[in-house]
Amino acid sequence: MKKIEAIVRPHLLEAVKNALQEAGVVGMTVSEVKGYGRQKGHTETYRGSEYKIELVPKVKIEVAIAEELAEGAVDAVLKTAKTGKFGDGKVFVSSLEDVVRIRTGEHGEQAL
Amino acid sequence: MSMRRRLFVSFGIGVVLMLGVTGLRSIARAQAPAVPVEPAATTAPPPAPVAAAPVAVPDPTGDNTGTASDVVVKDAKAPQLDEVMTTVGHSKIAINLMWTLLTGFLVMFMQAGFALVETGFCRAKNAAHTMAMNFMIYPIGMLGYWICGFALQMGGVGAVAVLGGTPPLNSEFVVTLFGHPFGLFGTKGFFLSADVYDVGVFALFLFQMVFMDTTCTIPTGAMAERWKWSSFLVYGFFISMFTYPLFANWVWGGGWLAQLGVNFGLGHGHVDFAGSSVVHMVGGVAALAGAMVLGPRIGKYTKEGKPVAIPGHHIPMALLGTFILAFGWFGFNPGSTLAGGDLRIAVVATNTMLAGTGGAIAAMVYMMTRFGKPDPSMMANGMLAGLVAITAPCAFVTAPVAMLIGTVAGVLVCWAVFFVEGTLKIDDPVGAISVHGVNGAWGVLSLGLFADGVYGDGWNGVPGKVTGLFYGAPKQFLAQCVGTLTCFVFVFASMWVFFKLVDVILGNRVSAEVELAGLDLPEVGALAYPEFVLSPGSSVGAFEPPKPLPAPAAAPAGATARVESF
């Protein structure tokens, strides 16, 4: 099993979500997060004074998925979350030891 | 299907009823006098305007409502001139009183505008505190004004003819300097007690009270996000009982600034139609003194002294507040005639909206050209600046000049914000000093420049109309300068000393810990947005986590099984 964490632009959430569903993802966790990458945010002015928005709002999508579906899911994110400009985000893929469904106590892929 | 049928039936009954009523009405109309336009004339004996028509005929156009029959006379056959004049006079004052009260109600609602603007420009952690100050300044200011503020301001104003004469307000404390009388404060009307129990005086109190409260709520913006509640309370009483009433007496209560014309030949004395100086500049200068004594918010300046932007948490709220203020200004300026029968109100109201427009557009264009984006907070400040500036001259200038005054105000407010923040290093989160102080001064000075000599005959007891420098009366401008200077010196000195005294006795500023955490809980005991704070309980509100289900056997007989699934 794999765990995929995708950090994407908030306004692209809907598209990414739909693409992931098509790629076979059955459940996901979405959270509003803030962060920065190599650009370290950007500056704005308010009432004539500059201020830096270092932590840019993003959306983090967490998905647990069967090994064989993982590549398709990553592709789905890449296809929908890419604009080609700075700030498109990142995808982290890691292997997942176990999953437990709390209601039934099932383990492993059955619990996905 | 049955539902649809029922609907259809009730619709049918409705139609039948409507037809029936219409039919009855047309029968009634047919029975009405032949000339329905003048029912009284055809049905009653000829010279009896008092007698009402026996058949009440509806008057949909309103042409026949309010006729001679509404004038009360002893003998309808021979109405006396003095009887008719009494009714006319009463109606005239009634219109004025209605106007003064209604516009006063509009100005009262400006408190809501101020509350939204100031809270929107503050951070979420101080929203309840900022809102609470804006809320409580209304009753606190009113209490102080009722105790002695009104008496000091208006106790010696004399007869306010448009409100029926206000006979009891006739006592001003005067000192004689350089052989001329200097009115300093009034001495009648404390607690609105029995000796001023008069409808005109009460209307005047209401109207002047809401103006005074506008002044009081201006510094709460400049001093927001760090001002101690106890200090704020004392301030509310001080400004409503002393600082505001004294200056207002000098300009509006027949005091020495109003008498500059009569005593020293300076035009009509210091003229301020609706309060650019009396209301706004007093508030703005008090805000300046307060913000200077308080010092900037933590994090407002870098170590090198460069200002750091601290964006407000709710720009839509601030813009809504600005709209409410602009709406309230239709009470503020046109209401200051105290007379609905003074048709100059049309010019006053139109000039007011034009100047607000000029201010908003000028500020927006300025910000766009200088920073690339319009900055909603400066658009709001720009509109308010235009409105503040036109408040004094609104009754005395032409429409193009009103637009010019507003446009200048819109740019002036941007410069002033940068100057106060960048050069003076005074932290004013909402721009109150720039909007109300700087543009209040610009407003009264612009009157001295642009008054066109059309309106204001006999203003402050000086014959002739109010005329400015560009229309050939330089001394009027001089009077405006004296008024502006006096306003600054008097208000700044008194409020500075006041805040310094409070600093020693109570302290003006919250502790650094409180300021960093936000003033909401420590200072007023309520969070503006508790749902956004992560703490046990607060995130789920009053909802208790469900207890484990009891064994099914424990359920009483007859109870239906509950399906526990969400």
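**Exercise 1. Count the helices and strands of chain B.**
Solution. Start with the rule: helices are DSSP runs of H or I with at least four residues, strands are runs of E with at least two, and both are numbered from the N terminus. Chain B then has 17 helices and two strands. The model is predicted: local features need pLDDT of at least 70, side-chain atom pairs count only at pLDDT 80 or more, and totals for chains, interfaces and linings use all residues. Residues are numbered from 1 along each chain as its sequence is written, while chains are lettered from A and ligands numbered from 1 in the order in which they are written.

**Exercise 2. Find what share of chain B is buried.**
Solution. A residue is buried if 20 or more other C-beta atoms, placed from the backbone, lie within 10 Å of its own. Of the 566 residues in chain B, 48% pass.

**Exercise 3. Locate the largest nonpolar core.**
Solution. Take buried Ala, Val, Leu, Ile, Met, Phe, Trp, Tyr and Cys residues, and join them through C-beta atoms within 7 Å. The largest such core has 149 residues. B:F247, B:V282, B:A363 and B:V413 have the most contacts inside it. Helix 4 (residues 127–154) of chain B gives the most, 15 residues. Another core lies apart, with 17 residues, including A:I4 and A:I61.

**Exercise 4. Describe how strands 3 and 4 of chain A are joined.**
Solution. Strands pair if DSSP finds at least two bridges between them. Strand 3 (residues 42–46) and strand 4 (residues 49–53) of chain A run antiparallel, with five bridges. A:E44 has A:Y51 as its bridge partner.

Terms used:
A residue is buried if 20 or more other C-beta atoms lie within 10 Å of its own, exposed if 12 or fewer, and partly exposed in between; C-beta atoms are placed from the backbone.
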